[in-house]
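Please look over the sequence and the model shown here. The paragraphs below go through them part by part.

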Amino acid sequence: SGNKRVLAPRETEVGVLLCKGYINKEIADVLGLGVTTVITHRKNIMEKLHARSLADVIIYCVVNGIINVEDI
C-alpha cells in the first residue's frame with residue numbers, strides 16, 4: 001500500500017491492545033512499559049489520527065488492516 005505509515009511501530013502495538021479493550025496498566029504489562037509511557041503513546045495516537053474517541057482508533061485500525069474485526 002502506498003499510504004505512508006501514520007503510527008510508529010510501538011504506537012501500532014499500543015493501538016492494537018486498545019482495540020482489544022486492554023486498559024493502560026495491562027498494556028504497560030504486556031509491552032513492558034511504564035503506565036506513563038502508555039498514556040503518552042495513547043495521546044500521540046489520538047493526535048496523529050485526529051481521533052475524538054477510542055472508537056475512532058478502532059475504526060482506523062480495522063480500515064487500515066492493522067487489526068481484524070474478529071480479534072476485537
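Is glycine 15 buried or exposed? Glycine 15 is buried, with a relative accessible area of 0%; buried means under 20% relative accessible area, exposed over 50%, and partly exposed in between, with a 1.4 Å probe and protein chains only. Glycine 15 has its place in helix α1. Helices here are DSSP runs of H or I with at least four residues, strands are runs of E with at least two, and both are numbered from the N terminus. Not counting residues up to four places away in sequence, glycine 15 touches Ile45 and Cys61, where contact means heavy atoms within 4.5 Å. Between glycine 15 and alanine 28 there are 13 residues in sequence and 12 Å in space, taken from C-alpha to C-alpha.

Some notes on reading the model come next. This is a predicted model, in which local features need pLDDT of at least 70 and side-chain atom pairs count only at pLDDT 80 or more, while totals for chains, interfaces and linings use all residues. Residues are numbered from 1 along each chain as its sequence is written, and side-chain values use heavy atoms, with hydrogens and water left out. The pLDDT is the predictor's confidence in each residue, from 0 to 100. The chain has an average pLDDT of 93, and 94% of the residues score at least 70.

Glutamate 11 lies in α1 and is buried, with a relative accessible area of 6%. Its side chain reaches the backbone nitrogen of alanine 8 at 2.9 Å; a polar contact is a pair of N or O atoms within 3.5 Å, where within protein one must be able to donate a hydrogen and the other to accept it, and residues adjacent in sequence count only if both atoms are side-chain atoms. Leaving aside residues up to four places away in sequence, glutamate 11 touches Val6, His41, Asn44, Ile45 and Lys48. Threonine 12 is also in α1 and counts as buried at 14% relative accessibility. With residues up to four places away in sequence not counted, threonine 12 touches Arg5, Leu7 and Ile66.

Helix α2 has Ile27, Ala28 and Leu31 as buried residues. Seen down the axis of α2, these fall within an arc of 100 degrees, so they line one face of the helix; the arc is that of the directions from the helix axis to the C-beta atoms. Asp29 and Val30, on the other side of α2, are exposed. The buried residues of α2 pack against α1 and α3. Glycine 32 follows α2 and has a positive phi, near 70 degrees.

Helix α3 covers residues 35-49, which is 15 residues, and reaches 21 Å from its first C-alpha to its last, close to the 21 Å expected at 1.5 Å a residue. That expected span is 1.5 Å times one less than the number of residues in the helix. Val38, His41, Ile45 and Leu49 are the buried residues of α3. They cover an arc of only 60 degrees around the axis, which puts them on the same side of α3. They pack against α1 (9-19), α2 (24-31) and α4 (54-63).

Histidine 50 follows α3 and is found in the loop between α3 and α4. Histidine 50 counts as exposed, at 67% relative accessibility. Its phi is positive, about 50 degrees, although it is not a glycine. Most residues other than glycine have a negative phi.

In helix α4 the buried residues are Val57, Tyr60 and Cys61. Within an arc of 95 degrees seen down the axis of α4, they line one face of the helix. The face turned away from this buried side carries the exposed residues Ile59 and Val63. The buried residues of α4 pack against α1 and α3.
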